[in-house]
Amino acid sequence: MRFTPELPFDGGRLKPLQSEDTAALFALYQQPELPGQKPLQDESQIGRLIDLSVQMAATQRGIMWAIESDGEVCGILSGFDWQASQLRIMLRADGLPVLSDEHRAAAIKAAVDFLIEKYHLRNFGYQWVSGQNESIPGLLGTLGFERCAVLRDAWRTGDREFADIHQFHFISTAEKPQPKKLGDDDNPGQNLDRDVNHGGTH
Amino acid sequence: MNWNFSTGVFQCRLPVAGDDNNALLSLLGKQNQLNHIPRLALENMDQVEDELRRMVMRFENREAAFWLIEGQYDQQVFARISIQKINWMMLSAQLQWELTPECTLDTLQAVLPDLLSFIFTELGLHRLELRLVKGSLYEGWPEQLGFSAEGVLPQQQEFEGKDVDLAVYSRLATD
């Protein structure tokens with residue numbers, strides 16, 4: 001079963017974390033964009049990361065994609081704090097300096113569009129931590145995200161050092177799904193190999 | 001570490017299963033005392049026992065702590081104050097309260113300083129967050145309790161058919 005699809009965007013694609021990308025992902029984690037995050041020491045930790053990304057997507061707790069731009073893996077798009085019943089999720093896109101704003105924005109949009117279409121999510125949060133790339137807040141604005149709160153010292157960067165989290169939200173205007181009885185759709189969970197039966201016959 | 005302590009004429013103590021069922025029902029059994037969170041009121045003693053059991057389990061895992069606040073002399077419980085979603089890595093937690101009508105802002109102003117001191121000094125947490133339904137009964141209280149408004153998070157949950165926005169406040173150990 002597949003839980004995380006490949007999603008193309010202009011100039012690149014989102015793709016599930018795979019073992020063949022271990023070296024590229026390890027290189028990515030040598031230049032962490034998040035304040036306070038230490039570079040990974042051991043390449044075997046990437047294997048664990050890949051396993052977790054599959055488990056999270058399978059249980060609708062989170063979802064992770066590698067961002068491939070011009071044929072190179074240069075970022076990770078993470079969806080976490082996925083509240084399936086509340087139709088919301090938190091996003092963050094972390095990348096190498098070579099990841100352009102244009103491609104970062106396109107990657108976020110591709111993920112948002114997919115999550116609206118497949119899982120009917122409506123509320124997309126994005127957490128930007130003070131000290132990250134300064135262009136990201138402006139980029140989020142172009143995607144319809146609004147800055148809703150500045151959470152003081154909510155991100156720990158050292159023993160007693162902290163950074164603010166700026167929390168943005170984008171609320172989809174798509175209609176909420178109507179509750180149905182179990183079995184009304186032939187849509188077994190999040191298996192991407194199966195599609196929703198819209199025909200109404202079972 | 002002693003989690004029970006006195007603060008002026010009030011006592012903050014961890015709840016006791018079996019002894020505090022009625023007190024808990026008086027706090028969590030009335031919808032108007034829960035609309036600021038929001039959550040549905042408890043309806044019977046089975047639900048109360050279940051709530052008490054979960055409080056104990058969450059405390060044992062140190063993911064939350066719940067205090068019942070009562071008068072030192074009359075021992076009437078008038079509030080439950082808790083810290084939840086304790087994140088020991090980020091040194092943060094969320095504060096939540098359920099109050100009877102007898103508990104006023106003045107009462108909270110008398111109780112909270114010692115409780116906050118325990119949270120910041122004894123537990124070593126750095127950030128305490130408070131989330132209230134926008135426009136709730138307690139709007140304006142956080143600022144008078146020393147919390148700073150940080151913004152409003154839109155449509156955080158659906159409650160009784162409506163999307164609920166939550167106002168976020170925080171108090172830091174360094175404030």
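Is A:His120 buried, partly exposed or exposed? With a relative accessible area of 38%, A:His120 comes out as partly exposed; the classes here are buried for under 20% relative accessible area, exposed for over 50% and partly exposed in between, using a 1.4 Å probe and protein chains only. The model is a predicted one, in which local features need pLDDT of at least 70, side-chain atom pairs count only at pLDDT 80 or more, and totals for chains, interfaces and linings use all residues. Residues are numbered from 1 along each chain as its sequence is written, chains are lettered from A and ligands numbered from 1 in the order in which they are written, and side-chain values use heavy atoms, leaving out hydrogens and water.

Chain A first. Its secondary structure amounts to four helices and eight strands, with helices (H or I, at least four residues) and strands (E, at least two) taken as DSSP runs numbered from the N terminus. Read from that end, the order of elements in chain A is β-β-α-α-β-β-β-α-β-α-β-β. Of the 202 residues in chain A, 49% are buried. Contact means heavy atoms within 4.5 Å, and among contacts in chain A between residues at least 6 apart in sequence, 60% join residues at least 24 apart.

Now the rings. Phe, Tyr and Trp (six-membered ring) pair if their centres lie within 6.5 Å, with planes under 30 degrees apart called stacked, over 60 edge-to-face and the rest tilted. That rule gives 16 aromatic pairs over all chains. One of them is edge-to-face: A:Trp82 and A:Tyr119, at 4.9 Å centre to centre and 75° between the planes. This pair ties together distant parts of the chain, since A:Trp82 sits in strand β4 (residues 72–83) and A:Tyr119 in helix α3 (residues 101–119), 37 residues apart. Both A:Trp82 and A:Tyr119 are buried. The pair of A:Phe145 and A:Phe170 is tilted, because the ring centres are 5.7 Å apart and the planes are at 40°. It also links distant parts of chain A, with A:Phe145 in the loop between α4 (136–142) and β7 (146–156) and A:Phe170 in strand β8 (residues 162–171), 25 residues apart. A:Phe145 has 6% relative accessibility, so it counts as buried.

In chain B, ring pairs join B:Trp3, B:Phe5, B:Phe59, B:Trp67 and B:Phe118 into a cluster. The charged end of B:Arg62 sits over the ring of B:Phe59, 4.3 Å from its centre; the rule asks for NZ of Lys or CZ of Arg within 6 Å of the ring centre and within 35 degrees of the ring normal.

Most residues other than glycine have a negative phi, and most peptide bonds are trans. B:Arg62, however, has a positive phi near 55°, in the loop between α2 and β3 (65–71) of chain B. A:His120 has a positive phi near 60° and lies in the loop between α3 and β6 (123–129) of chain A. B:Ile37 and B:Pro38 are joined by a cis peptide bond, omega about -10°.

Finally, the interface. The contact takes 25 residues from chain B and 20 residues from chain A. Four salt bridges cross it, each a side-chain nitrogen of Lys or Arg within 4 Å of a carboxyl oxygen of Asp or Glu. B:Asp163 and A:Lys176 meet in a salt bridge at 2.7 Å, N to O.
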